[in-house]
Amino acid sequence: MFDLPPRALEMRDQVNAFFNARVLPNNRLWREQMRAGQAVPDIERELREDARELGLWNMALPRLTDDEPGTRLSNLEFTAVAEVLGRLEWGSRVFNCHAPDVPNMELLQLFATPEQRTQWLEPLLDGSSGSAFAMTEPDVASSDPANLQTSIVRDGDEYVINGRKWFASNASHTNCEFLIVVGVTDSDAPKSKRQSMVIVPRASQGLSFKRDLPVFDHVSPTSTHPEFSMENVRVPAENLLGEEGAGFAMGQARLGPARLHHCMRAIGECEVLISLMVKRSAERSTFGKRIDEYGATQEAISLSRIELDQCRLLVQQAAHLLDVVGNKVARKQISMIKVAVSRVYQAIADRAIQLYGARGVTNDTPAARAFGKARAFRIYDGPDEVHLQTIARLEAGEQVLDGLEYYLDEE
Ligand SMILES: Cc1cc2nc3c(=O)[nH]c(=O)nc-3n(C[C@H](O)[C@H](O)[C@H](O)COP(=O)(O)OP(=O)(O)OC[C@H]3O[C@@H](n4cnc5c(N)ncnc54)[C@H](O)[C@@H]3O)c2cc1C
């Protein structure tokens with residue numbers, strides 16, 4: 001068995017103890033409060049304060065400095081913790097380790113000026129505000145960022161922003177204070193130098209929300225995906241994040257860890273689904289046999305275990321590489337886990353639904369929601385095909401074996 005660093009196991013055990021004692025038993029209450037329309041359920045607020053006091057806070061941020069609240073873990077160390085957080089849809093939020101705030105915090109840690117840190121990063125680290133990342137546009141194929149049309153034009157001491165965006169997760173949530181908006185500052189520049197990022201307060205004049213998009217017919221009050229337009233939205237020039245034209249490179253820096261964290265959390269959720277499959281199939285019988293005695297059931301559970309453990313090892317490898325060689329060098333492994341985990345996640349959710357029969361398609365188990373999330377995961381953070389293209393291109397550039405001519409005979 002591959003052993004994680006002792007510190008990772010220690011933190012995982014602490015998080016696990018808090019999760020099992022405090023978070024999980026409150027899942028029903030959280031759901032009731034959420035259904036009653038609380039955008040941040042009261043129980044979530046209460047648990048966040050307790051988790052923070054215990055130092056179980058901001059663990060997904062490898063760059064935390066000593067004056068920032070929380071506990072710094074490497075990406076590899078965080079894999080163990082993130083799995084626990086992934087077992088509930090709201091688990092990561094209790095520990096301030098949730099998307100899109102964590103990737104935005106990483107972006108701000110890397111590129112914000114001291115003034116931007118004070119104004120935008122510190123409240124996120126404290127957990128007193130929320131944020132969104134707005135890249136995708138309804139009018140263009142946004143998996144190719146070179147297509148983006150939103151314009152960001154310098155006008156004196158301000159930038160003026162015009163464009164339409166959608167699926168900027170959390171942007172319409174009441175806790176969202178600002179959006180990091182990606183747009184074009186120089187349409188004549190080479191493709192990778194056209195875009196920039198600006199910080200846009202959610203309350204800006206000219207920014208109007210049109211609707212919250214349902215995902216598989218579901219609109220969650222706690223996790224929104226809005227469509228909105230920006231018409232002559234003006235922000236001070238000092239809201240430019242990083243340098244003009246650096247938006248594409250910054251986006252890549254943000255997406256590496258973001259993809260990794262989504263994969264880690266999905267693995268935790270898949271563990272729950274496998275346990276639920278085992279439980280259910282041991283409890284029910286058909287035609288004189290327990291359901292877990294059928295080969296089809298055994299195959300569903302066994303394949304899920306094999307595929308999930310493969311994914312975990314791939315994710316640990318990618319996390320380790322991100323720690324030691326960085327996002328750029330680890331990009332093949334990041335693309336690999338994105339494709340592998342989203343597919344396995346969907347397959348395991350599908351098997352869990354099947355084993356639960358009609359109950360599997362209701363909200364009485366987490367399987368149906370997981371299936372929807374897994375299906376969406378094959379699109380967000382970059383569609384599968386784009387990652388497969390990246391992997392194939394990088395593979396083509398890596399000649400690893402000598403003497404291939406000796407394997408090839410002339411016809
Ligand atoms: C739940 C959810 C949350 C999201 N959160 C955010 C967010 O917070 N911020 C944000 O900016 N965006 C977010 N998105 C949007 C997401 O990142 C985009 O949907 C994604 O990048 C794809 O862009 P697109 O929808 O424009 O698809 P398109 O670019 O139009 O692509 C459509 C399809 O074309 C095919 N395709 C594209 N390129 C290739 C290729 N190279 N080879 C083969 N086939 C290809 C693929 O099948 C792909 O799915 C979210 C999406 C979802 C579903």
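Phe 216 is exposed, with 11 other C-beta atoms within 10 Å. Phe 216 sits in the loop between β6 (207–212) and β7 (226–236). Its phi is positive, about 50°, although Phe 216 is not a glycine. Most residues other than glycine have a negative phi, and most peptide bonds are trans.

Before we go on, a word on what you are looking at. This is a predicted model, in which local features need pLDDT of at least 70 and side-chain atom pairs count only at pLDDT 80 or more, while totals for chains, interfaces and linings use all residues. Residues are numbered from 1 along each chain as its sequence is written. Helices (H or I, at least four residues) and strands (E, at least two) are DSSP runs, numbered from the N terminus.

Is Asn 96 buried or exposed? Asn 96 counts as buried, because 24 C-beta neighbours lie inside 10 Å. The loop between α5 (91–94) and α6 also holds Pro 100, and a cis peptide bond, with omega about 0°, joins Ala 99 to Pro 100.

Now let us step back to the domains. The chain is assigned domain 1 (6–112), domain 2 (130–241) and domain 3 (248–396), with bounds that come from an automatic or database domain assignment. The centres of domain 1 and domain 3, taken over C-alpha atoms, are 20 Å apart. Between these two domains, 19 residues of domain 1 are in contact with 22 residues of domain 3; two residues are in contact if their C-beta atoms, placed from the backbone, lie within 7 Å. On the domain 1 side, α4 (75–85) and α6 (101–111) each supply at least two residues. The largest share of that side, seven residues, comes from α4. By class, the domain 1 side has eleven nonpolar, five polar and three charged residues. In this scheme Ala, Val, Leu, Ile, Met, Phe, Trp, Tyr, Cys and Pro count as nonpolar, Asp, Glu, Lys and Arg as charged, and the others, Gly among them, as polar.

The buried residues of α4 pack against α1 (6–23), α5, α8 and α9. With helix α9 (residues 295–324), the axis of α4 comes within 7 Å and crosses at roughly 145°; axes are lines fitted to C-alpha atoms, for helices over the stretch in contact, and angles run from 0 to 180 degrees between N-to-C directions. Asn 75, Leu 76 and Thr 79 in α4 meet residues of α9 that include Val 315, Ala 319 and Asp 323.

Next comes α6, which packs with helix α8 (residues 247–283) at an angle of about 140°, the axes being 9 Å apart. Among the α6 residues that meet α8 are Val 102, Leu 107 and Phe 111, and their α8 counterparts include Met 250, Arg 254 and His 261. By class, the contact of α6 with α8 has nine nonpolar, one polar and two charged residues.

Where does the ligand lie? Domain 2 (130–241) and domain 3 (248–396) both give residues to the shell around the ligand, so it lies between them. The ligand is surrounded by 21 residues, the closest being Met 135, Ala 141, Ser 143, Pro 383 and Glu 385; a residue is near a molecule if its C-beta atom, placed from the backbone, lies within 6 Å of it. The elements giving two or more residues to this shell are β1 (130–134) and α12 (384–396). The most comes from α12, with three residues. By class, the shell has 13 nonpolar, seven polar and one charged residues.

We finish at Ser 342, in helix α10 (residues 331–355). Ser 342 is buried, with 27 other C-beta atoms within 10 Å. Not counting residues up to four places away in sequence, Ser 342 touches Ala 374, Phe 377, Arg 378 and Asp 384. Ser 342 and Ala 374 are 32 residues apart along the chain, and their C-alpha atoms are separated by 5.8 Å.

Note on methods:
Buried ≥ 20, exposed ≤ 12 C-beta atoms within 10 Å, placed from the backbone.
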